[in-house]
Every structure is written in structure tokens, then in C-alpha cells.
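Here is a short note to read beside the model. Please keep the structure open as you go through the points.

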Amino acid sequence: MALLEIENLNVTFNTRHGKVTALDSVSMHVNAGETLGVVGESGCGKSITALSVMGLIPMPPGRIAGGEIRLNGENLVTASDARMRQLRGAEVAMIFQEPMTSLNPVFTVGDQIAEAIMLHQNVSADRAFKDAVALLDRVGIPSPDSRARNYPHQLSGGMRQRVMIAMAVSCRPKVLIADEPTTALDVTVQAQIFDLLNEIQRDFGAAIIMITHDMGAISEMADRVAVMYAGRVIEEARADDVLDTPQHPYARGLISCIPALGKDDTELREIPGVVPPLHMLGAGCAFADRCDYAQERCRREKPALVNHGHHPAACHAVEEGRI
Ligand code: SF4
């Protein structure tokens with residue numbers, strides 16, 4: 001049994017354009033000790049998937065309209081608010097994209113980590129603070145004793161992200177969700193944070209769900225990948241398989257955006273066009289307006305996520321052998 005299993009998850013939001021479907025039959029799973037990469041541009045449903053797992057979808061306007069999220073077999077969709085408060089932090093924790101908005105500016109980082117520890121463990125404030133210092137040391141913060149007494153603004157961006165990681169792993173969660181954890185950081189610090197996450201995973205045996213728009217991050221971190229587009233999973237396989245033989249034109253496009261290794265290639269590339277707004281989705285494939293392989297069938301019939309030879313991909317051109 002997978003540690004965390006999302007099955008046919010449907011999430012809707014009431015908006016000024018009416019009800020929109022933010023997640024459409026999303027399924028994915030992650031095993032203990034494994035890293036699942038969830039990749040796609042912004043607006044593809046990655047963060048909504050993460051927030052659904054954390055029980056943090058604002059309801060209303062959001063609603064989980066169907067499906068299950070099972071953690072060790074327990075369905076989180078039907079769990080009470082009190083149960084979700086117990087699980088959040090202790091069993092499933094999240095590292096957010098921008099630590100400055102997640103850390104409280106008026107408390108020292110040591111106090112904030114200590115508070116996270118005391119929320120789930122029956123320990124004294126003194127013990128929790130000592131554990132916080134040990135965690136800062138574990139995540140590679142130099143002079144952790146004095147850094148624990150710093151406020152967030154006194155730390156660099158990389159150090160703040162390390163603090164967030166220390167806080168997230170303070171209760172040794174089984175599942176760690178990292179939502180674009182390195183977006184705001186420069187390339188060298190990014191690599192250090194990836195190394196740290198890999199080490200933490202080895203130490204704690206946690207499953208990691210790594211949310212990113214960057215296939216380069218997937219190649220660094222992930223064992224398996226779910227590629228998302230407009231609220232659906234459109235390709236899913238082992239990371240090597242997706243990187244070596246991407247099937248869906250969108251996955252191919254994301255991979256072509258990875259800067260060539262070892263070359264002086266700093267130009268940022270992106271797939272032409274944008275993800276359609278959710279209220280504009282039609283009956284067919286949501287990628288059709290950006291796809292070189294689109295045909296009439298694509299505009300009227302939504303492709304199912306099916307293995308057409310290599311690994312599952314939701315694309316008529318793959319099914320018809322046109323790519
Ligand atoms: Fe392109 Fe059609 Fe495949 Fe969608 S289903 S990705 S439009 S070929």
C-alpha cells in the first residue's frame with residue numbers, strides 16, 4: 001500500500017465566472033522514502049493538490065467534490081478539522097515557497113521551531129528550544145545557538161529556507177510536501193537545498209512530494225513524476241522515463257526548457273502561450289491551443305491518461321502514433 005494515495009480527486013471553486021474545476025480526477029501516490037515530483041506551470045493545479053492533502057483548501061469558495069486522499073489508509077477528505085490539526089505538522093508537513101511569508105517576523109526562528117515542536121510533542125519550552133537548535137544544526141545553519149536567537153529578517157534567503165525545512169521536519173512527518181522550495185534562491189543555494197532534502201529523506205525515511213515548475217529540479221530530486229496541466233495529470237512515470245522519453249507534447253515542452261548542462265546557456269526558455277484560465281476550459285484537450293500536434297479530435301474529446309506503449313500519457317497524438 002502506498003503511504004499517501006490520491007485517487008480521483010475533484011476540487012471545485014465558486015468564482016465570479018461560476019463554478020470552475022480546479023482538479024479533475026487527479027490520482028497519484030507516493031511511497032515511504034520516495035520522492036514524487038509534481039511538475040507544471042503555475043495554474044496547473046500543483047499547489048491545490050498540495051493544499052488538499054494538507055486540508056488547507058479554503059471552503060468555501062473551494063469544495064472537494066469527489067475522490068479520496070488516503071494517508072496510511074485513512075481518508076483525509078472525510079477527516080474532521082480536529083483530526084487534520086493533529087495530522088498537519090506531525091504526519092504531513094509542508095515547506096512553502098517563500099519563507100518570509102510563512103515565518104513570523106516578530107519571533108526568533110528558534111522560538112518558532114520550538115513552538116512547532118510543542119504543538120505536537122509533550123515537552124518543556126526549554127527542551128523544545130534545545131531541540132530547535134539541534135535541528136538548525138542538522139539543516140546546516142552555522143552557529144545554530146546564536147542563529148536560533150535571530151529574527152527571520154536577519155537571515156539570508158537560503159538560511160530562511162533551511163529554517164522552514166527544520167520546522168517542517170521537527171516532528172518527523174511521514175510525508176513532506178515541498179512547494180517550489182528553491183524558486184527564490186540562486187542556483188548554488190538551490191543545489192544545497194536539494195542536497196539537504198535528499199539527506200533529510202535518507203535520515204528520516206520521509207516521502208517527499210516536490211512541487212515545481214522546473215523539470216531541472218525533477219531531474220535532481222524525483223524518483224517518479226506526475227506532470228499536471230490545467231488541473232489534470234497528463235503524464236505519470238518514473239522520472240528517468242519522463243526525462244528520457246517524454247510522451248505528452250507538454251512534457252516534451254517542459255523538458256526542452258531545461259538549460260543545456262555544461263553549456264553557456266543562460267537564456268530562459270518557455271513554452272509559447274499560457275495555461276488557459278479554468279473557466280475557459282472546453283470539452284477537449286486543454287493544451288490544444290499551444291500544441292503543434294492538435295487536430296479536430298483534440299478539441300472535442302478529452303484524452304484519457306492511458307499507457308500507449310511507454311508509460312501513461314493523456315494525448316490523442318500519442319495514442320494514434322503521430323508522435
Ligand atoms: Fe496536443 Fe491533441 Fe495531444 Fe492535446 S491531445 S496534447 S492537443 S495532440
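1. First, a term. Buried means under 20% relative accessible area, exposed means over 50%, and partly exposed lies in between (1.4 Å probe, protein chains only). Helices (H or I, at least four residues) and strands (E, at least two) are DSSP runs, numbered from the N terminus.

2. A word on the source. This is a predicted model, where local features need pLDDT of at least 70, side-chain atom pairs count only at pLDDT 80 or more, and totals for chains, interfaces and linings use all residues. Residues are numbered from 1 along each chain as its sequence is written, and side-chain values use heavy atoms, without hydrogens and water.

3. Look at helix 8 (residues 187-204). Its buried residues are Val189, Gln190, Ile193, Phe194, Leu196, Leu197, Ile200 and Gln201.

4. Now strand 7. All 5 of the 5 residues of strand 7 (residues 175-179) are buried, so the rest of the structure largely encloses it. Val175, Ile177 and Asp179 cover one side, and Leu176 and Ala178 the other.

5. Strand 7 has two partners. Strands pair if DSSP finds at least two bridges between them. Strand 6 (residues 92-95) pairs with strand 7 in the parallel sense over 4 bridges. Strand 8 (residues 207-212) also pairs with strand 7 in the parallel sense, over 5 bridges. There, Ile177 stands opposite Ile209.

Notes: Right-handed = clockwise from strand over helix to strand, strands pointing away.
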